[in-house]
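Student: Could you walk me through some backbone and packing features, and how to read them?

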Amino acid sequence: MKYTLCITQQCNMRCQYCYIDKKDTEMSLSIAKKIVDFIFKNTPSKEKIDIGFFGGEPLLEFELIKKITETIENHPSFNKKLVELTVVTNGTIFSDEIADFLNEHHIGFCLSCDGPPFVQDTFRCLQDGKGSSSIVTNTIRRAKETLLSVLVNAVYHPQTFRYLPHVVEYLASLGLKRIYLNPDFSAPWSKKEAELLSEIYGQISKQYIDFYLQKKPHFISLIDSKIAVILGEGYKPLDRCKMGTGEFAFTPSGNIYPCERLIGTDTGNGHCIGNIASGLNREQMSCKTAPGMEINTECISCSLKDYCMNWCGCSNYFSSGYYNRVSPFLCLSEKTAILTAFHTFRTLEEKLGSAFFNNLTEIHTGANCTIGG
């Protein structure tokens, strides 16, 4: 079960592709307590719980994070073996106090950084329009020194995807071992750009293979997520999107959404499926569901359909306008990622044998992260 608390819609940055509208608002502790009760009430017994602090920029409300964490840990149903906390940050706010608190409470730290300065500063700018790269890079270095684990999420766009190999090289040079690469599905991807993905993903595959051959394996989501699916012979039911049933996002107003990426302006309309005070109304999800088949007709006969994220409702919505319709870009991106991962797997299996499998198991441990944009 995944729960995301958007504790504030305030942010000190103005990333051009951000899907959360900025408001001078933060979650009250009383609403947070109701959400915590909702979480434990709606999670089946003995099922793992992933709670993410999100924004805006959540570390603007660090004191609130501390209070909500206390509320969670003091709840009668809290089980530290089943509950995992994460904070997703833009990387501009960090301190020794924050580091100590995150370590003490075993809170995962996931930072957004699109890559080297010339990539990061393309879309991720401060309120005054200045680039954020120097601040974020400094945070990464400090976090690496003080935190048990640091994960990074890099978003790529039609203007920046050609630099993905540079992104991987840069983030790896900062000592980051777990790198998540995620496309901006809301961007206007052209067929020409999509057709270049094979070459770009192929370059990342080469980097991934080189890391292993140098005995410095890295987790790179573009490769590792698909290798895991290939080894599992496809996505299983529990791997698939559970928006509105096993995944919920909460805003400062107490409104409930099926995914944090669908909050937008938080007017209570559109993707909203209820409020923490009045309860759920999942029927509202039908407003963004195209009638007819669950997925595109062409998906049904595709040999790669079991390995494809055609079921991701929010990715589908941002690229096609419907939860259950796959866009041409998502289709080609998924096909390319699957084939790239298969080639990578076969190459390393031939070169390293059991050593590859042992490293693969080790690096996948603890690689989960609540990903924001």
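Predicted model: local features only at pLDDT ≥ 70, side-chain atom pairs only at ≥ 80, totals over all residues.

Student: Okay, what should I expect from phi and from peptide bonds in general?

Tutor: As a rule, phi is negative in most residues other than glycine, and most peptide bonds are trans. Now for the exceptions here. A cis peptide bond links G55 and G56, with omega at about 20°. G56 belongs to the loop between β2 (49-54) and α2 (62-73).

Student: And which value of phi does H106 have?

Tutor: A positive one, about 55°, even though H106 is not a glycine. You'll find H106 in the loop between α3 (96-104) and β4 (107-112). K215 is another case, a residue other than glycine with a positive phi near 60°. K215 sits in the loop between α8 (197-213) and β7 (219-220).

Student: Is H106 buried or exposed?

Tutor: Exposed: the relative accessible area of H106 is 63%, and exposed means over 50%. K215 is exposed too, at 76%.

Student: On to helices, then. How do the axes of α6 and α8 cross?

Tutor: At roughly 25°, and they come within 8 Å; α6 covers residues 164-173. Angles under 35 degrees count as roughly parallel, so α6 and α8 are roughly parallel to each other.

Student: Which residues in α6 and α8 meet?

Tutor: From α6 there are L164, P165, V168, E169 and A172; they meet I200, Y201, Q203, I204, Q207 and F211 of α8. By type, the residues of this contact between α6 and α8 are eight nonpolar, two polar and one charged.

Technical notes: Residues numbered from 1 in each chain as written. Heavy atoms only, no water. Helix = DSSP H or I, 4+ residues; strand = E, 2+ residues; numbered from the N terminus. Buried < 20%, exposed > 50% of the residue type's maximum accessible area, 1.4 Å probe, protein only. Axes fitted to C-alpha atoms, helices over the stretch in contact; angles between N-to-C directions. Parallel < 35°, antiparallel > 145°, perpendicular 65-115°, else oblique. Contact = heavy atoms within 4.5 Å. Nonpolar A, V, L, I, M, F, W, Y, C, P; charged D, E, K, R; others polar.
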